[in-house]
Amino acid sequence: MKTEESRVESRLRELLPLYKHIDLTIESVSGGVFRCKIPLNEANKNHFGTVHAALQFAVAEVLGGLVGESLGVLNDQHVGVVKNFEIHFKKPATTDVIAETRMPVGDLTALAERIEADGRVDFDLEAAVTDMNGNTVAVTKGTYAIRPSEIF
């Protein structure tokens, strides 16, 4: 695992133990590619043996946090939150699942500049959740906010 991905994974697992419980791994937080994975295992499967819907939501929703982490602004002064999130399930997830989104580096730079200037920013992400065979099992769209931590 790359150093930055390992750092982000450790931080997320410490801040939110759910990610440790579901064995979330971070595969990419650089170059505008944000990707993470959860296994299909006893803890993560539902009553008919596929990845539980709530965990498909979790693996996709955390991508907004990965964007914030990549900007280096989620700290004592700023916090990231999800404002709105839609998920559309396409088919059962019968294997481990990977959630991925991409954001051009120029857009990431613009987000960082807006946070520097305004102390806050909202952004949208669309993502796909795929199985290990490359099949899309869910698609998502989320609106995220980075805000000064004192408002929470």
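How many aromatic pairs does a search of the whole structure find? Two. Keep in mind that this is a predicted model. Let me take the pairs one by one, then move to the helices.

Start with F57 and F85. Their rings sit 4.7 Å apart, centre to centre, with 70° between the planes. That pair is edge-to-face, because planes over 60 degrees apart count that way. Where do the two residues come from? F57 is in helix α3, residues 53-61. F85 is in strand β3, residues 78-89. They are 28 residues apart, so this pair links distant parts of the chain. Is each partner buried or exposed? F57 is partly exposed, at a relative accessible area of 32%. F85 is buried, at 16%, because the cut-off for buried is under 20%.

Now the second pair, F123 and Y144. This one is stacked.

On to helix α5, residues 105-118. Does its length agree or disagree with what we expect of 14 residues? At 1.5 Å a residue, the helix should span 20 Å. The end C-alpha atoms are 20 Å apart, so the two agree.

Which residues of α5 are buried? L108, L111 and I115. They cover an arc of only 55° around the axis, so they lie on the same side of α5. Turn to the face pointing away from that buried side. There you find the exposed residues G106, E113, E116, A117 and D118.

What covers the buried residues of α5? The cover includes strand β2, residues 33-38, and helix α4, residues 63-71. It also includes β3, β5 and β6. Just after α5, G119 takes a positive phi of about 80°.

Next, how the helices pack. Take α4 against α5. The angle is about 70°, and the axes are 10 Å apart. An angle of 65 to 115 degrees counts as roughly perpendicular, so that is the label for α4 and α5. From α4, the contact uses V67, S70 and L71. From α5, it uses L108, L111, A112 and I115. Notice L108, L111 and I115 there: these are the buried residues of α5.

Now α3 against α4. Here the angle is about 20°, with the axes 5 Å apart. Angles under 35 degrees count as roughly parallel, so α3 is roughly parallel to α4. V59, A60 and E61 of α3 make the contact with L63, G64 and G65 of α4. Helix α3 is also where F57 sits, the partner of F85.

Last stop, V79. Where is it? In strand β3. V79 counts as partly exposed, at 29% relative accessibility. How far apart in space are V79 and A138? They are 27 Å apart, C-alpha to C-alpha. In sequence, 59 residues separate V79 and A138.

That's the tour. Over to you.

Notes. Residues are numbered from 1 along each chain as its sequence is written. This is a predicted model: local features need pLDDT of at least 70, side-chain atom pairs count only at pLDDT 80 or more; totals for chains, interfaces and linings use all residues. Side-chain values use heavy atoms; hydrogens and water are left out. Rings of Phe, Tyr and Trp (its six-membered ring) pair if their centres lie within 6.5 Å; planes under 30 degrees apart count as stacked, over 60 as edge-to-face and the rest as tilted. Helices (H or I, at least four residues) and strands (E, at least two) are DSSP runs, numbered from the N terminus. Buried means under 20% relative accessible area, exposed over 50%, partly exposed in between (1.4 Å probe, protein chains only). The expected span of a helix is 1.5 Å times one less than its number of residues. The arc is that of the directions from the helix axis to the C-beta atoms. Contact means heavy atoms within 4.5 Å. Axes are lines fitted to C-alpha atoms, for helices over the stretch in contact, and angles run from 0 to 180 degrees between N-to-C directions. Angles under 35 degrees count as roughly parallel, over 145 as roughly antiparallel, 65 to 115 as roughly perpendicular and the rest as oblique.
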